[in-house]
Amino acid sequence: MLLDQSAEQESAEKAAGMTDVFAKCSTDGGYFGKMRIIGDDDFTRPTLPPNPNRTMEFKGREHIMWSINNYLGLANHPDVIATAHSALDQFGVSSPMGSRMMSGNSPYHQSFERELAEFTSKEAAFLFNYGYMGVQGTIQSLLGKDDVMVMDKLSHACIVDGAFLAQAMNGTQLRVFKHNNMDNLEQVLKRTNRDRKGGVLIMTEGVYGMTGDLAKLKEITALARQYDARLYIDDAHGWGTMGAMGRGTADHFGVQDEVDIYFGTFAKSFASIGGFSASTKEVIEWITYNARTQVFAKSLPMIYVETLRKTLELVRSGDDRRAQMWRISNSLKDGLRDLGFHIGPGESPICSVFVPLGEESMEAVGAKTAGFLRSQGVFVTAIAYPVIPLGLLMFRMIPTAMHRDEDVATTLEVFKGMRDNLGLRLSMTAEEEQKIRKVYGITP
Ligand SMILES: Cc1ncc(COP(=O)(O)O)c(C=O)c1O
């Protein structure tokens with residue numbers, strides 16, 4: 001999710017006088033431009049060691065790590081690594097060469113796709129090299145000139161960019177509904193149906209990756225049926241963490257059969273790379289032949305396909321890992337709430353901590369709070385505009401099955417120290433609460 005995608009770019013271009021496409025590069029415009037221009041390496045692009053773990057070294061000091069999406073702790077699982085070794089011996093790193101359409105198809109890709117389809121209770125699935133490419137390509141392939149895409153306001157950037165691609169290439173119309181607001185979604189669908197010429201695709205996430213709240217999928221699937229629309233959900237954060245055996249957020253709500261296309265990434269619970277869309281055989285065949293982001297790209301390397309099949313087994317049988325992730329998540333959220341912090345709705349493992357800005361700028365509050373946490377060995381990412389709306393600061397914490405009770409205890413002590421040493425005002429004004437409610441539809 002990146003709000004006001006073009007506004008920052010436009011201001012950078014204005015500042016640069018638009019005489020040269022490179023002129024903007026020396027300004028503080030563009031995304032996180034103020035950070036880029038000062039050469040920040042704390043809050044944007046921090047350099048971390050390559051092996052994800054519960055603690056990681058940053059700038060010469062061990063930190064408890066709350067910023068990586070290794071939900072089930074599978075990143076360094078010995079069975080995954082052993083499978084990767086044997087795939088490397090068998091296939092090397094080049095295989096297969098070419099796009100699936102030309103020379104990059106293999107029985108391994110096809111059989112993994114069948115496993116994914118079976119696990120997600122769909123007829124077929126199609127692999128993409130990145131989740132981002134998967135969502136974008138699926139949207140672009142399906143939406144034509146007379147079609148309308150209806151998306152949640154807080155949709156991830158890959159959904160927004162998929163919509164832009166469909167709009168630019170095919171003339172698809174875009175409509176946005178307020179985050180998780182069912183009255184507003186119904187209004188948009190009603191309005192859309194009044195002068196409807198083509199199809200309608202509703203697009204939501206399963207778990208909203210920033211706030212951790214869940215899409216109201218029972219209501220959304222019912223509205224999709226009522227208004228004759230199709231539903232595509234991007235369940236990047238729910239796939240592996242939610243539902244029976246990690247089948248995802250729609251399974252959690254008992255509506256997987258009502259979801260027309262299901263999407264999962266391998267970059268989070270699966271601790272690898274790639275993603276897939278799953279649907280009926282006919283729809284997947286269409287996507288396979290028409291999703292430009294994969295038709296024109298080399299296929300997912302064999303070494304990933306083979307290790308991902310092993311990871312799928314571990315995710316399926318990973319109830320103990322999910323239980324540990326939830327235990328850590330719940331004790332972290334409860335402890336932070338007890339300290340007076342404002343936590344998102346907590347429906348998923350993600351723990352989002354909203355910090356009121358008061359009179360200070362988000363840069364100032366972000367630097368002093370995240371700086372304090374880092375100085376005490378707690379690595380947390382501070383999220384600000386343009387990833388979340390202007391005027392808010394949020395810490396987004398990812399509890400995982402790797403974390404231990406002592407990590408939670410230490411982290412809570414450090415948050416307490418931050419609250420007391422920085423004199424943070426934690427109580428929110430009615431206006432601040434209203435702002436969060438307005439954007440997120442939740443009360444922190
Ligand atoms: C909701 C959502 N969709 C898609 C993606 C992109 O996935 P990938 O990293 O596999 O490209 C992300 C990753 O941040 C995400 O959070």
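Which residue in S14 does Val353 stand opposite?

1. Val353 faces Phe395 in S14. Strand S11 (residues 351-355) and strand S14 (residues 393-397) run antiparallel and are joined by 5 bridges; two strands count as paired if DSSP finds at least two bridges between them. Strands here are DSSP runs of E, at least two residues, and helices are runs of H or I, at least four residues, numbered from the N terminus.

2. A word on the basis: this is a predicted model, where local features need pLDDT of at least 70, side-chain atom pairs count only at pLDDT 80 or more, and totals for chains, interfaces and linings use all residues. Numbering starts from 1 along each chain as its sequence is written.

3. Those two strands belong to an open sheet of 4 strands, ordered S10-S11-S14-S13 with antiparallel pairing. Strand S10 (342-343) and strand S13 (381-383) are at the edges with a single partner strand each, so one side of each has no neighbour in the sheet. Helix H13 (residues 319-338) packs on the sheet and touches S10, S11 and S14, contact meaning C-beta atoms, placed from the backbone, within 7 Å.

4. Turning to the whole chain, there are 16 helices and 14 strands. The radius of gyration, 22 Å, is close to the 22 Å of the globule rule for 444 residues, so the chain is as compact as a globular protein of that length. That radius is taken over C-alpha atoms, and the rule is 2.2 Å times the number of residues to the power 0.38. The C-alpha trace spans about 60 × 55 × 50 Å along its principal axes.

Definitions and conventions: Contact = placed C-beta atoms within 7 Å. Axes fitted to C-alpha atoms, helices over the stretch in contact; angles between N-to-C directions.
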